[in-house]
Amino acid sequence: MALGGLFGTAAVAVVVSLAVHVALNCPIQPLPSPRPPPPAARYRPNNLLQGLEKLGEGQLSAPEDVYVDAAAGGTLYTATRDGWLQRMHPNGSWEQWRFVGGTGLLGIAPSADGSVLVCDADKGLLRVEEGRVTILASTVEGSTIRFADEAIEASDGTVYFSDASTRFGFDRWFHAYVESQPTGRLLKYDPRTGKASVALDNLSFANGVALSRDEAFVIVCETGSAGSNARGCG
Ligand SMILES: *[C@@H]1O[C@H](CO)[C@@H](O)[C@H](O)[C@H]1NC(C)=O
Ligand SMILES: *[C@@H]1O[C@H](CO)[C@@H](O)[C@H](O)[C@H]1NC(C)=O
């Protein structure tokens with residue numbers, strides 16, 4: 001009996017100290033958020049992904065994004081977590097193409113001048129040319145870009161890119177994810193001024209970015225659940 005009581009006291013002590021530890025050291029400040037809306041009825045369930053073929057499986061370190069160069073016969077480009085831009089030739093062979101470095105390469109997009117735009121989560125928006133890497137934007141309107149995620153270039157050279165969180169960097173993406181505070185942003189880089197500006201803020205883990213074909217609007221996906229699932233902006 002005495003032993004049981006001792007275990008009970010020890011168990012309570014462990015629970016209390018854990019609770020105190022979590023309360024004092026919790027890195028996140030979650031807000032109560034509404035349940036995400038159910039998927040829209042117009043997106044009918046399908047099983048298309050069951051027939052997928054995995055490219056580069058076992059060869060590439062966490063490729064996040066791709067683009068296809070149709071003019072080069074469908075050469076596929078991606079950026080990998082070991083700091084490389086890699087490409088798959090139409091014959092299926094992979095090539096480590098250009099070395100950028102770092103451990104946070106995420107989005108990759110072609111630029112009209114033949115260079116490649118890369119989002120390095122830790123450094124910001126990069127332009128990668130043969131033998132040269134230039135940081136185009138690492139701050140925006142006085143604040144640090146902590147989590148550059150994905151980019152797309154418009155025909156006038158403007159680059160739209162996402163910054164997933166202003167509270168947590170890539171090494172703590174899971175905190176941003178669990179906290180779900182809408183602190184992400186859609187940013188805009190103007191090559192004429194060499195400056196970035198905020199196009200849209202208060203986004204919940206701003207992630208994928210795309211332009212409509214006629215460039216009338218930009219789509220940015222929010223991976224977090226605090227906002228709506230995807231918003232467009234003009
Ligand atoms: C595939 O194509 C690339 C680019 O043309 C070439 O360098 C490579 O040798 C080819 N590989 C094979 C296995 O044919
Ligand atoms: C939106 O973000 C700005 C900073 O970019 C912040 O000052 C403001 O409080 C945010 N608004 C809401 C509703 O969270």
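Okay, hi everyone. One thing before we start: what we have here is a predicted model.

Let's begin with the ligand. Which residues surround ligand 1? They are H89, N91 and S93. Have a look at N91 in particular: a polar atom of the N91 side chain sits 2.4 Å from an oxygen atom of ligand 1. And how much of the ligand does the protein bury? On its own, ligand 1 exposes 370 Å², and 29% of that is buried by the protein.

Next up, strand β5, which runs over residues 105–110. Why do we say β5 is largely enclosed by the rest of the structure? Because five of its six residues are buried, and here buried means under 20% relative accessible area. Strand β5 also has a partner, β6, at residues 116–120, and the two pair in the antiparallel sense over four bridges. Together β5 and β6 make a hairpin, with five residues between the two strands. In that turn you'll find G114, which has a positive phi of about 95°.

Last stop, the open sheet. In what order do its four strands come? It goes β11-β12-β13-β14, with antiparallel pairing. The edge strands are β11 (148–153) and β14 (195–203), and each of those pairs on one side only. From one strand to the next, the twist averages 20°. Zooming in on one pair, β11 and β12 (residues 159–163) are joined in the antiparallel sense over four bridges. There, I152 has Y160 in β12 as its bridge partner.

That's me done, thanks!

Terms used. Residues are numbered from 1 along each chain as its sequence is written. Chains are lettered from A and ligands numbered from 1 in the order in which they are written. This is a predicted model: local features need pLDDT of at least 70, side-chain atom pairs count only at pLDDT 80 or more; totals for chains, interfaces and linings use all residues. Side-chain values use heavy atoms; hydrogens and water are left out. A residue is near a molecule or strand if one of its heavy atoms lies within 4 Å of it. A polar contact is a pair of N or O atoms within 3.5 Å; within protein, one must be able to donate a hydrogen and the other to accept it, and residues adjacent in sequence count only if both atoms are side-chain atoms. Accessible areas come from the Shrake-Rupley method with a 1.4 Å probe; for residues, only the protein chains shown count as cover. Buried means under 20% relative accessible area, exposed over 50%, partly exposed in between (1.4 Å probe, protein chains only). Two strands pair if DSSP finds at least two bridges between them. Axes are lines fitted to C-alpha atoms, for helices over the stretch in contact, and angles run from 0 to 180 degrees between N-to-C directions.
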